[in-house]
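The following note sets out numbered remarks on the pockets and the sheet of the model shown below. Please read each remark with the structure in view.

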Amino acid sequence: MDETPLLIVDGANVVGSRPNGWWRDRAGAAARLRDSLAPVATIGLPARLTAPVEVVLVVEGAARDVPGTEGVRVVSAAGSGDDAVVELVEGAPRRRRLVVTADRELRGRVTALGAEVYGPRWLREEPTSN
């Protein structure tokens with residue numbers, strides 16, 4: 001079993017979760033998300049996800065040409081981004097798989113395959129101290 005968690009981010013869904021003008025430049029918004037995810041590969045998410053982490057950003061549509069970068073593999077969905085996320089989850093059955101999306105249907109599909117699911121805010125939240 002691979003001990004490195006696999007964090008799969010539904011790019012279109014996460015980008016669309018904030019009304020910050022992303023629709024004017026979908027590729028630029030996806031690239032900014034990709035860049036914000038890069039540190040997660042080496043430092044994780046404090047109190048939520050310990051590094052190292054394999055980070056995968058799934059993009060589609062107008063963001064399809066956004067390249068990967070150090071720390072973030074970008075998967076350009078040939079069709080549905082949701083289907084690409086499901087394929088990634090299916091392809092790593094013996095790993096801890098975490099999917100970030102708010103899409104209800106996608107949440108159901110990947111949960112049925114044993115993945116953990118978190119909403120977009122989970123990536124931005126500061127952990128609470130106890």
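1. The second largest pocket is lined by Gly11, Ala12, Val15, Trp22, Arg26, Ala30, Val59, Glu60, Gly61, Ala62 and Ala63. A pocket here is an open set of points on a 1 Å grid over the protein atoms alone, where a 1.4 Å probe fits, with protein on both sides within 12 Å along at least five of seven lines; lining residues have an atom within 4 Å of a point.

2. The model is a predicted one, in which local features need pLDDT of at least 70 and side-chain atom pairs count only at pLDDT 80 or more, whereas totals for chains, interfaces and linings use all residues. Residues are numbered from 1 along each chain as its sequence is written, and side-chain values use heavy atoms, with hydrogens and water left out.

3. Helix 1 and helix 2 are the elements that give two or more residues to the lining of the second largest pocket; helix 1 gives the most, with three residues. Helices (H or I, at least four residues) and strands (E, at least two) are DSSP runs, numbered from the N terminus. The volume of this pocket is about 160 Å³, taken as the space filled by probe spheres set on the points, which are joined across faces, edges and corners.

4. The largest pocket holds about 420 Å³ of space. Its lining has 18 residues, of which Arg18, Arg32, Leu33, Ser36 and Arg124 are the closest to the centre. Helix 1 (11-15), helix 2 and helix 5 (121-124) each give two or more residues to this lining, and helix 2 gives the most, with eight.

5. The sheet is open and has five strands in the order 3-2-1-4-5, with parallel pairing; two strands pair if DSSP finds at least two bridges between them. Strand 3 (72-76) and strand 5 (116-118) are at the edges with a single partner strand each, so one side of each has no neighbour in the sheet.

6. Strand 2 (residues 54-59) pairs with strand 3 in the parallel sense over five bridges. Val58 has Val75 in strand 3 as its bridge partner. Helix 2 (residues 26-43) packs on the sheet and touches strand 1 (6-10), strand 2 and strand 3, contact meaning heavy atoms within 4.5 Å. The direction of helix 2 makes about 170° with that of strand 2; axes are lines fitted to C-alpha atoms, for helices over the stretch in contact, and angles run from 0 to 180 degrees between N-to-C directions.
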